[in-house]
Amino acid sequence: MRIDIINGYLIDPESGVEGYRDIRIKDDKIEAIAKPGGLPMPLASAHKSAKSAYEAGEEEEEQITRIDAAGQIVAPGLVDVHVHFRDPGFTYKEDMESGAAAAAKGGFTSVVLMANTRPPVDNADTLREVLEKGQKTGIHVYTCANVTMGMKGEALTDMEALSRMGAAGFTDDGIPLMDEKLLREALQTAAKLKKPVSLHEEDPAYITNNGIHAGEAAAHYGIGGSPREAETSMVERDIRIALTENADLSIQHISTKEAVELVRQAKKQSCHIFAEATPHHFTLTQKAAVTYGTMAKMNPPLREEADRMAIIEGLRDGTIDMIATDHAPHSEEEKAKAITEAPSGIIGLETALSLGIRELVMPGYLSMQELLGKMSLAPARLYHLEAGYLAENGPADLVMFDKDALWKVEKDKFASKACNSPFIGEMLPGVVTCTICAGKIVYRK
């Protein structure tokens, strides 16, 4: 199968190349990239030849799809290294197929799943099940394995065996790893395996009610909430430990200005410290929790404007390496519960690119190339994935989008099973028109 993409504006964050290019895809690779009109073998001739063979009753040698990408950006397929597809165990919220469909609609061709499923991904059978299901979706689905058995923080998983089977990294996301000795052992093992450890940084000792910032939002609901110290204390401790080891440590969904500064200083001492930011943390503040209630409840919580701007500055100056959605589907019934009872988390795969354009590119904090780098190349590099770039003989994973076109976030239009988003009703820029993974069209508007 061959796909020819013409007239698109290519942006490749690895090479830094930008400009109008035509791209030829053959099977699962990019066969050629050329300036407009520079692809070999004219498209018209190819179509005519194929049509003639078909009409003559002969076997058609090659299927050819031609996409005119005029007015659109053509970029590497996006990479999200922090998603929850809830499969196995919670498939009423999301399953592998619906999660992958949401990813493709949002322009993502590679995702790394978190391991807090039921059963958790702390054993060979569950890891095998997740990976096998992922192979049937049309996008590249990877998964982390757990750091500790049952996510109980008491004993390490067999990290070496799980790594051999294909675990992309290790995390107990959703639960912090409180045992310092165990964390050190995990980092030492991960360093040998050359796999990242990603940590959820919230100390429960500080938290009265999770998901809501201990400030204006908590006061509105008359609850204690979750203070910034819950995050900053853990980030400080984990960076201190990681600086003595050689493992890649990723600080997940960073939410406070203090944590951003801790990462900034740690990066001056080590090349093994990484951080991710979510679109909701660089877009919203605790005021959203007052306005949208449980639809804006997440762990860690939305905080203050100074924190939001610190996250944007961290993205701008390279302190924060990547953008990850923390796509966290929940049912409408669950989110309809009281603020202290509803689960934390929002979906994010289908709105992430648009929020990046609106909040980061349009105000001038990041260039489009920088945004795409943080949503494709940087996460791919951390997890050692063959993704995040466009080059001849490279993977045919691409997204095409119109950065200026607007679309309305509508509750019944999500590809995800879930609709727990505070952005419903908003008009956002950036319409994904086509997503290609491994040389196949997996989404087309």
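How many nonpolar, polar and charged residues does the lining of the largest pocket have? By class, this lining has 5 nonpolar, 11 polar and 5 charged residues, where Ala, Val, Leu, Ile, Met, Phe, Trp, Tyr, Cys and Pro count as nonpolar, Asp, Glu, Lys and Arg as charged, and the others, Gly among them, as polar. The structure is a predicted model, in which local features need pLDDT of at least 70 and side-chain atom pairs count only at pLDDT 80 or more, while totals for chains, interfaces and linings use all residues. Residues are numbered from 1 along each chain as its sequence is written, and side-chain values use heavy atoms, with hydrogens and water left out.

The largest pocket has a volume of about 440 Å³, and of the 21 residues that line this pocket, the closest to its centre are Arg86, Asn116, Gly174, His330 and Ser344. On a 1 Å grid over the protein atoms alone, a pocket is an open set of points with protein on both sides within 12 Å along at least five of seven lines, a cavity is a set of points where a 1.4 Å probe fits but cannot get out, and lining residues have an atom within 4 Å of a point. Grid points are joined across faces, edges and corners, and a volume is the space filled by probe spheres set on the points.

The second largest pocket holds about 330 Å³ of space, and of its 20 lining residues the closest to the centre are Lys105, Trp407, Val431, Tyr443 and Lys445. Two or more residues of this lining come from each of helix 13 (352-361), strand 14 (398-408) and strand 15 (427-437), helices (H or I, at least four residues) and strands (E, at least two) being DSSP runs numbered from the N terminus. The lining of the second largest pocket divides into 10 nonpolar, 4 polar and 6 charged residues.

Helix 13 also packs against helix 14 (residues 368-382), the axes coming within 10 Å and crossing at roughly 140°; axes are lines fitted to C-alpha atoms, for helices over the stretch in contact, and angles run from 0 to 180 degrees between N-to-C directions. Helix 13 is therefore oblique to helix 14, given that angles under 35 degrees count as roughly parallel, over 145 as roughly antiparallel, 65 to 115 as roughly perpendicular and the rest as oblique. Contact (heavy atoms within 4.5 Å) is made by Ala352, Leu353, Gly356, Ile357, Leu360 and Val361 of helix 13 and by Met368, Leu371, Leu372 and Met375 of helix 14. By class, this contact has 9 nonpolar, 1 polar and no charged residues.

Helix 5 (residues 180-193) and helix 7 (residues 229-242) pack at an angle of about 45°, with their axes 10 Å apart, which means that helix 5 is oblique to helix 7. Here Glu180, Leu183, Arg184 and Leu187 in helix 5 meet Arg237, Asp238, Arg240, Ile241 and Ala242 in helix 7, a contact with 4 nonpolar, no polar and 5 charged residues.

Arginine 86, found in the loop between strand 6 and helix 2, has a positive phi of about 65° although it is not a glycine. A cis peptide bond with omega of about 15° joins aspartate 87 and proline 88. Both Arg86 and Asp87 are among the residues lining the largest cavity, in which about 40 Å³ of space lies. A further cis peptide bond, with omega of about -10°, joins asparagine 299 and proline 300, the latter in the loop between helix 10 (286-292) and helix 11 (305-317).
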